[in-house]
Amino acid sequence: MAKILAYIESKENKFKNSAFETVSEAKRLSGVLGCDFASLVISNQSADEIKVLGEYGAEEIFRLNLDEMNSVKGGNIKYSYSAISKAVSEFAKQNGYTIILFSGTGFGKALSPAVSILTDSALIPDITGISVNDGVISVTKPVYAGKAFAEIKVNSENVVLSLRPNVFKAEKTDSNNAKVTDITSASLNISADDFSTVVTEVVLSQGKIDVAEADKIVSGGRGMKGPENFHLIEELASVIGAATGASRAVVDAGWRPHSEQVGQTGKTVSPGLYIACGISGAIQHLAGMSSSKCIVAINKDKDAPIFQVADYGIIGDLFEVLPVLKEEFKKVL
Amino acid sequence: MKIAVCVSLVPDSTTKVKIGSSGKSIDENGVTFILNPYDEFAVEEAVQLKEKSGAETYAISFGTDKSKEAIKKAYQMGIEKGILIKASGDDYDSYTVAKNLADALNELKPDLIFFGKQSIDFDGMAIPGMVATLLNLPYVNVVTKLDINGSEISAEREIEGGKEIITSTLPAIIGAQKGLNNPRYPNLKSIMASKSKPIEEKSSTYSGNKTEVISMNLPPAKGKGKILENGADSAAELVKLLRDEAKII
């Protein structure tokens, strides 16, 4: 009998939207399969803080206190991927969970390969859809950076899946029936040996939204003509609350950091709004952003390939368009 | 010190994908295959370590004969020995790849194993962690900086909006991300030398896939977008469309 475990990611003791997406999808899938589902949280949040998951349909929630877990290693660490992988796997094995869902974030993609091996499961990462036929699960996974989509059938009793962020819907339910139950590291047989990798420090850039998580992105390409002109991108992004992105060409030229690169050798993104400025639309860039829900292109070359995937566009000189566009957005926001 | 780099051959990122006649994979006709771009950072890191403090270096690939091209590129960049684990067909999933690599690595027993953080075909970011767990080794993926001090390692791992500093011990598996180093361009001499350099062949040790691709499809075609042609004078109309029609602002 199938049984679903949703590993709910909490970073810095907060849930991101991807966490709610994972709860909602676990609930939906449990309905389709007619099976139970539970959520597992490893963090220092209080039971009340964790109960917000109930708004998305989580009822049975298990919590492992992160400080308690880290104390097994003697404390003084942020967290340990290896120990968390062991904890999730032990919990799943002890309680007979056969389907384990992760958010397809950096964190989820680091944990899920280990958990798949430790629980003798198939692993399909970064999926955009789950369907069930005669009780058999198959999933949709973008491949070749979104140039194609594979339908993949699971031929294994156990499976670990990670869900691409911004794709699955986080749906609120009418009532909150969440119940939080504490579990301990001891019950999961966690020992100091399980801390083979230890995160000692987390450095976050203040006040910046990462392209991989953003709901809106304003990206610049070679048409920006130089790093000194990216203030136009940053100003527009700040008006609409967007992250700033970049094409491979401008990252390779050293104009922008690699963390902003969108495309096949950068980040694959699917925001609600993607504004491409001075980006011609090389196939490797299109691969990374074509699943965005609304694409806007601004380019002076009317034949630029970016216009073929754009929902809206302006043909024109971006040095003239961007300042006016920023003011127009300001009027309505 | 013994260092292994696991490499794979992938379609070039400029490839325009077409679906093959089986309907389950891409049409490889006319596709240029290259060493996975992230593997170049893995190879470069291994070669730099060899140049700095001396090491035996190996490139290992699982796949058909074609995958020898990935090993040859690693030779050109300075790797000394290569092993091809010959797949029994071309239908294998990430578990099968991981199991075969783990079996070969278990025999070789390197002190340090590099991968590219992901291969740009299935983009799973799955294999390094699966291999590490099969071998009961620690792993850190998406690494942009690596320091080794005796058997202690410290790695910077890129995460959303920042980085983590992770400590671990050798033997370990490291997944390389852009930024770790600047991969070298092979010179003509090393390209010529790589052609005759032998590659050890091993047979596959495992073939039981846990997943199966049942079909592969192109993304749905998009309708024609609304493209405004009046430059800055179109800005107000664009905002209106985004607000009233797309309802995104």
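**Sheet and cores**

Modeller: In E14(A), Gly220(A) has Cys277(A) as its bridge partner. Please keep in mind that this is a predicted model.

Biologist: Which strands pair there, and over how many bridges?

Modeller: Strand E12 (residues 216-220) of chain A pairs with strand E14 (residues 273-277) of chain A in the parallel sense, over five bridges.

Biologist: What is the strand order of the open sheet?

Modeller: The six strands run E13(A)-E12(A)-E14(A)-E15(A)-E16(A)-E13(B), with parallel pairing. Strand E13 (243-246) of chain A and strand E13 (226-228) of chain B each have a single partner strand, so one side of each lacks a neighbour in the sheet. On average, neighbouring strands are turned by 20 degrees against each other, direction ignored.

Biologist: Which helices pack on the sheet?

Modeller: Helix H6 (residues 231-240) of chain A touches E12, E13 and E14 of chain A, and its direction makes about 170 degrees with that of E12(A). Helix H10 (residues 318-332) of chain A touches E14, E15 and E16 of chain A, at about 135 degrees to the direction of E15(A).

Biologist: Turning to the largest nonpolar core, which residues touch the most other members?

Modeller: Of its 101 residues, these are Met69(A), Val88(A), Leu101(B), Phe114(B) and Val131(B). Helix H3 (residues 94-108) of chain B gives the most to this core, with eight residues.

Biologist: What is Val88(A) in contact with, leaving aside neighbours within four places in sequence?

Modeller: Val88(A) contacts Leu5(A), Tyr7(A), Leu40(A), Ile42(A), Ile100(A), Phe102(A) and Val115(A). A second, separate core has 40 residues, including Ile8(A), Val23(A), Leu33(A) and Ile26(B).

Conventions
Residues are numbered from 1 along each chain as its sequence is written. Chains are lettered from A and ligands numbered from 1 in the order in which they are written. This is a predicted model: local features need pLDDT of at least 70, side-chain atom pairs count only at pLDDT 80 or more; totals for chains, interfaces and linings use all residues. Side-chain values use heavy atoms; hydrogens and water are left out. Two strands pair if DSSP finds at least two bridges between them. Helices (H or I, at least four residues) and strands (E, at least two) are DSSP runs, numbered from the N terminus. Axes are lines fitted to C-alpha atoms, for helices over the stretch in contact, and angles run from 0 to 180 degrees between N-to-C directions. Contact means heavy atoms within 4.5 Å. A nonpolar core is a set of buried Ala, Val, Leu, Ile, Met, Phe, Trp, Tyr and Cys residues joined through side-chain atoms within 4.5 Å. Buried means under 20% relative accessible area, exposed over 50%, partly exposed in between (1.4 Å probe, protein chains only).
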